[in-house]
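Here's a quick briefing to read alongside the model. Have a look at the structure first, then go through the notes by topic.

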Amino acid sequence: MSQHTTEPPTSALDLAEEFLDRTTPLSRIRNTLHRYPAISPAIVLVLAVIVFGLLNERFLHPANLSLITQQVAVVGTLAVAQTLIILTAGIDLSVGAVMVLSSMVMAQTTVHLGIPAVLGLFLGLVVGLAAGAFNGFLVTRLKLPPFIVTLGTLSIFVALTLLYSGGATVRGGEMPELLTAMGATFDIGGVNFTVGVLMMLLLYVVVALILQKTAWGRHVYAVGDDPESARLAGISVNRVLMSVYLAAGAILALGAWIQIGRTNAASPNAGAELNLDSITAVVIGGTSLFGGRGTVWGTLLGALIVGVFRNGLSLAGLDVLWQTFAVGVLIIVAVAVDQWIRKVRK
Amino acid sequence: MIIATDAAGQAPAAGSAETRTPILRARRLVKTFGRVVGLDGVSLELYPGEVLAVIGDNGAGKSTLIKCLTGAEIPDEGEIFLDGKPVHFKRPQDARAAGIETVYQNLAVSPALDVAANLFLGREERKKGILGSVFRVVDQKGMRQKARDELTALGISTLQDVTVAVENLSGGQRQAVAVARAAAFGSKVVVLDEPTAALGVRESNQVLELIRNLRERGIPVILISHNMPHVFDVADRIHIQRLGKRAATITPETHSMTDAVAIMTGAARE
C-alpha cells in the first residue's frame, strides 16, 4: 500500500461520487423537504395547534376541534380537485362556482321538479362533469392557459347559477333527507363528526392511493413536470389533462353534496371565497404551482392549517381581518419555501 | 480513397457488412418541406450489432433522416424495412412499438419522478391479480427490481438507487437513464441524438462506454453526433449526409477524420 491504491473501474460509470451537495446541513434539509413536500405543512400545523392551544384552552376542546374539521370539509374537498389540476401545472379559479352550480341543480331538481333525490344527486354529478369537460376542452383543444380558461368559466358558471336559481336559496328542510345526509352527525368517544367530514377523508384516501399506486397517477405528475417529456415517453398528454379536469368535476359535485349538508341549504351566493381558498390550501400544503410536485396529504394539512388559523385567531379574540392577514402571510411563506426547495441541485 | 455509393442506394459499404442483412434499412427516402428538399433519395443500412454514426453539416438532412426512421416525420417517398419487412411509421409511438427506441437530445425524462418510474414511464407494469386488473395498481417493487437489473446489465452499476428523483442526477446520469430506458424493453434499434452534446469530458466518456455496452449486448445503435472524436471512437461505420444526400458511408479504419470532414463539406468528391 505504498503507492496509491488501484483506480476505480472506469468501465462501470462511476456515478456515485456525483451525489454531492448532500453535505451541508441546510442542503440536507432542503433535499429532505424536496423529497417529502408534506413535511413543512405538517410542522406548521403541529406548531399552530400547540400555540393556539396555549393561547386559549378552549381551542383544544374536542368540540372545537370537531368544529374545525366541519369548517374545513367543503374547502378540503374542493382542494382535492384543485390539487389534481395544479399537479398538471394548471389552476382552476372556478371550483367554487362549479360546486355551487352543482349544488343548486341538486336542490332545485329535487325540490321544485320533484325528482327522486338519487337522480338529483346524479344530475349534480353530471353538471360537475360537464363543467370539468368544458374547462378541459378549452385547455386541451384550444390550448388556452388554464388560468384564463377558468377565469372566464368562473364568470360563466356564476352567471349560470344565478340565472338558473333566480337567486333563491333552497332550504335544507324542503329537501329530501338524502341531500342533507352529509350534515348528519355521529359520535366517536363523545366527539361529534359529520358524515361530510368522513366523506372528505375517504376522498383523500382514495385520491392519494390513485395518485401513488396507478400509472394514471404517475402520468399526472409526469405531465405536470414536463409535458414534452411525457409526450415523448408515449403518454397522451391531452388525455391525461382531460381526465384530470373530469375527475375534478366529479369531486366538485361531491363537494356540492357536502356543502348542502354542512349549511343545511343550497345557496347560489355561497362558495365565492372557496375558489381562492382551495388554491390557498393546496399551496400551503406544499404542492408546487409549477406542477409535478406535491401530494393530496399536503393539501389536507394545508386546509387544516387555514382552518386552525381562522379558528384559533378568532378564539384569541382577534379581529376577523387578522385571520385574512395571517392566511395571506402563510401563502407567501409557503410559495417562498417551495421556490427555495426547487433550487435543489440547480 | 473514398468509397462511393451507387445511385440505387446499394452501398458497397466497408468490411463484410454487405454479406449480412440489415436490421434497419431505408431505401431512397425523399422528404420535402415546401420547396426545401430535406432528403433527396437517401438510403441507409444498419446491420446487427454495429454502431452506425450519422454525421453531416447543419441542414445536410441528418435530423430529417432520423425523424423519418423514428416516426417523427413521414417520408414523401421511399421505403423503410425493419428486419426485412416494410414498415410505415405515422407517429413516434409506432416506431417504438416496432422496436426502434430514440433518445432525444432534450432528454425525455421527468425530473420529479424517480429513476425507476422514468424507466417505465408510459408502460408501467401492473400488479398481478385483482389489484392490478381491477384497481390498476402498478407493481412498484417489481419495476424497481427490473430497473436495477437493467442498469446493472448496462454497466451502470453505481446508479443503483433507483428511487432517486432524476432531477438529483448529473447530466451524464440522466443520459444514462434515458439510454437505459431506450435499451430496456427488448428494443431492436436504439437511436441516440447528440447524446454527448451537453456533457463534459468525463460524462461524455461514460456515455460512449454505454454505447459500447449496448453493442456488446447485440443492440445496434444509430448515433447522430457533431463530435468527430466521439464518432471515430465508437462507430463501426459512418454515414455522411451532405446536401440532403448520402455522400458516403465510411469506416474509421479506412478513413481519417480529415477525410470525413472533407466529404461532409464537399471538399472531397465521391
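Let's start with one residue: setting aside neighbours within four places in sequence, Leu252(A) touches Leu78(A), Ala81(A), Val95(A), Val98(A), Met99(A), Ser102(A) and Gly128(A). Keep in mind that this is a predicted model.

**The nonpolar core**

- Leu252(A) is also one of the residues with the most contacts inside the largest nonpolar core, along with Leu101(A), Ile305(A) and Leu223(B).
- That core counts 170 residues, and helix 10 of chain A (residues 237-263) supplies the largest share, with 14 of them.

**The sheet in chain B**

- Six strands of chain B make up an open sheet with mixed pairing, and their order is 6-7-8-3-9-10.
- Strand 6 (100-103) and strand 10 (245-250) of chain B each have a single partner strand, so one side of each has no neighbour in the sheet.
- On average, and ignoring direction, neighbouring strands here are turned by 20° against each other.
- Strand 9 (residues 237-242) and strand 10 of chain B run antiparallel, joined by five bridges.
- Across from Ile240(B) you'll find Ala248(B), which sits in strand 10 of chain B.

**Helices lying across the strands**

- Helix 6 of chain B (residues 171-183) lies across strand 6 and strand 7 (189-193) of that chain, at about 175° to strand 6.
- Helix 7 of chain B (residues 201-216) lies across strand 3 (51-56), strand 7 and strand 8 (221-224) of chain B, and runs at about 155° to strand 8.

Key: Residues numbered from 1 in each chain as written. Chains lettered and ligands numbered in written order. Predicted model: local features only at pLDDT ≥ 70, side-chain atom pairs only at ≥ 80, totals over all residues. Core = buried A, V, L, I, M, F, W, Y, C linked by C-beta atoms within 7 Å. Buried ≥ 20, exposed ≤ 12 C-beta atoms within 10 Å, placed from the backbone. Helix = DSSP H or I, 4+ residues; strand = E, 2+ residues; numbered from the N terminus. Contact = placed C-beta atoms within 7 Å. Pairing = 2+ DSSP bridges. Axes fitted to C-alpha atoms, helices over the stretch in contact; angles between N-to-C directions.
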